[in-house]
Amino acid sequence: DTLYTNDVFDYEWDMGDGSEFKKGSPVFHVYSSVGSFYPKLLLYGDSGRCKPPALVDTLLIAEVVADFIIPDTGMCDTYPVTLENTSIGNLSNSWNINDAVFTSDINPSFVLQEGNYTVTLMVQNDIGCRDTIVKTFIAHPLPDIQIKNDTLICEGDAITLWVTGGDEILWNPASGLSSVTSYTPQASPDITTIYSVIARFAATGCRSMDNMTVFVQQAPDFTVLPEDTTIFTGETIKVSIDSLGDFTYQWSSSPADNNMNCETCAGPYLRPLENTIYTLMVADTNNCFTENYYINVIVNESYTVDVPTAFKPAGDPEDAVVYVKGHGIMKLVEFRIFNRYGNEVFFSDDLEKGWDGTYNGKLQNIDSYAYTVTVEMWNGQVLTKKGTITLLR
């Protein structure tokens with residue numbers, strides 16, 4: 001505005017904030033605080049003796065200051081970052097990040113890419129006061145980490161691991177390692193272990209991580225049962241092993257070829273006809289270990305034929321069927337049963353089949369029944385036995 005000074009002897013400005021009065025037109029003044037102020041124009045006339053009322057105006061000072069904080073850690077390629085807006089008086093925010101990202105978020109978050117960053121923040125209040133600040137920073141590169149491939153060792157052995165990248169190295173876990181900060185530590189874990197490693201640039205703190213697995217082949221460690229046993233001629237033993245794994249099995253016997261149903265099974269059936277020592281050789285498929293296990297079988301030579309004298313078809317299941325039993329029987333030639341009239345009510349040439357007391361599907365009467373049995377023994381003998389069986393109810 002134009003200041004008209006007709007009949008004005010002198011004038012001065014009271015800025016309303018307690019500062020010294022100013023002269024001139026126009027005047028410039030910087031307020032150091034915010035709020036409402038009432039500047040006055042003081043006029044003097046008639047050589048200063050006449051003082052008309054001051055001209056008063058109202059002035060609102062608002063503080064709008066743009067500022068933000070860049071994190072002092074983690075400024076690395078692929079890392080997430082959040083800029084902290086610390087502006088004052090900002091009702092709206094306008095971010096410009098490398099002329100590529102524009103956002104009005106209060107605290108913008110984004111993923112860094114290696115390179116230089118220029119960030120501009122412009123803030124504004126509700127009456128149009130605004131401020132702008134520009135800051136720059138660098139997103140540093142990550143170490144280019146390379147690590148040894150997964151590998152296998154035998155239990156008790158050691159291997160040299162290796163890794164490249166960064167200025168500093170840290171392995172985890174420490175178990176089985178000669179050093180957790182070496183680029184080429186010796187590893188001798190007791191069990192299969194996954195080792196992770198962090199490569200770090202000391203100057204920037206940027207880090208990369210990778211891992212590898214050291215597989216450890218354990219020595220065979222299980223129990224073969226039975227260890228030692230005694231059987232009658234013709235009996236069969238089922239071998240059991242308490243732990244199966246990635247192993248190969250090879251059986252042999254002394255004397256050789258002594259009745260095994262399988263020479264490469266973990267648990268074969270054995271039926272020796274004389275005293276025999278069986279040897280099981282166990283080897284892992286990685287050719288680390290070979291262990292031998294032994295079974296000593298004593299064969300009691302006995303050749304007998306037995307048939308129960310009575311049975312009860314409707315009673316205890318163990319006594320409900322009549323079977324040919326005995327020691328040393330290789331083959332049942334025949335097992336015949338006759339009623340008191342000479343009629344054959346049962347026939348079998350299978351040791352696993354017996355008479356359940358029925359004929360043509362009907363349970364027979366309580367009575368005595370004659371039988372004949374012929375068997376071939378493992379030593380080549382053919383034995384015959386005759387007698388009677390009583391059917392009970």
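Strand S23 is joined to strand S29 (residues 290-300) by 5 bridges, and the two run parallel. Strands here are DSSP runs of E with at least two residues, numbered from the N terminus, and two strands pair if DSSP finds at least two bridges between them. Thr229 stands opposite Val297 in S29. The structure is a predicted model, in which local features need pLDDT of at least 70 and side-chain atom pairs count only at pLDDT 80 or more, while totals for chains, interfaces and linings use all residues. Residues are numbered from 1 along each chain as its sequence is written, and side-chain values use heavy atoms, with hydrogens and water left out.

S23 and S29 belong to an open sheet of 4 strands with the order S23-S29-S28-S26 and mixed pairing. Strand S23 (228-232) and strand S26 (247-254) stand at the edges with a single partner strand each, so one side of each has no neighbour in the sheet. On average, neighbouring strands of this sheet are turned by 25° against each other, direction ignored; the axes are lines fitted to C-alpha atoms, and angles run from 0 to 180 degrees between N-to-C directions.

The protein chain has 0 helices and 38 strands; a helix would be a DSSP run of H or I with at least four residues. Its C-alpha trace spans about 165 × 55 × 30 Å along the principal axes. Of the 393 residues, 33% count as buried, that is, under 20% relative accessible area with a 1.4 Å probe, protein chains only.

The whole structure contains 10 aromatic pairs. Rings of Phe, Tyr and Trp (its six-membered ring) pair if their centres lie within 6.5 Å; planes under 30 degrees apart count as stacked and over 60 as edge-to-face, the rest being tilted. Tyr117 and Phe137 form a stacked pair, 4.9 Å centre to centre with 0° between the planes. Tyr117 lies in strand S12 (residues 115-124) and Phe137 in strand S13 (residues 130-139), 20 residues apart. Both Tyr117 and Phe137 are buried. Phe335 and Tyr371 form an edge-to-face pair, 6.5 Å centre to centre with 75° between the planes. Phe335 is in strand S33 (residues 329-338) and Tyr371 in strand S37 (residues 367-377), so this pair ties together parts 36 residues apart in sequence. Phe335 and Tyr371 are buried. One aromatic cluster is formed by Phe110, Tyr117 and Phe137.

Lys135 lies over the face of Phe68, at 4.9 Å from the ring centre. The charged end of Lys238 sits over the ring of Tyr269, 5.5 Å from its centre. For such a placement, NZ of Lys or CZ of Arg is within 6 Å of the ring centre and within 35 degrees of the ring normal.

Methods
Buried means under 20% relative accessible area, exposed over 50%, partly exposed in between (1.4 Å probe, protein chains only).
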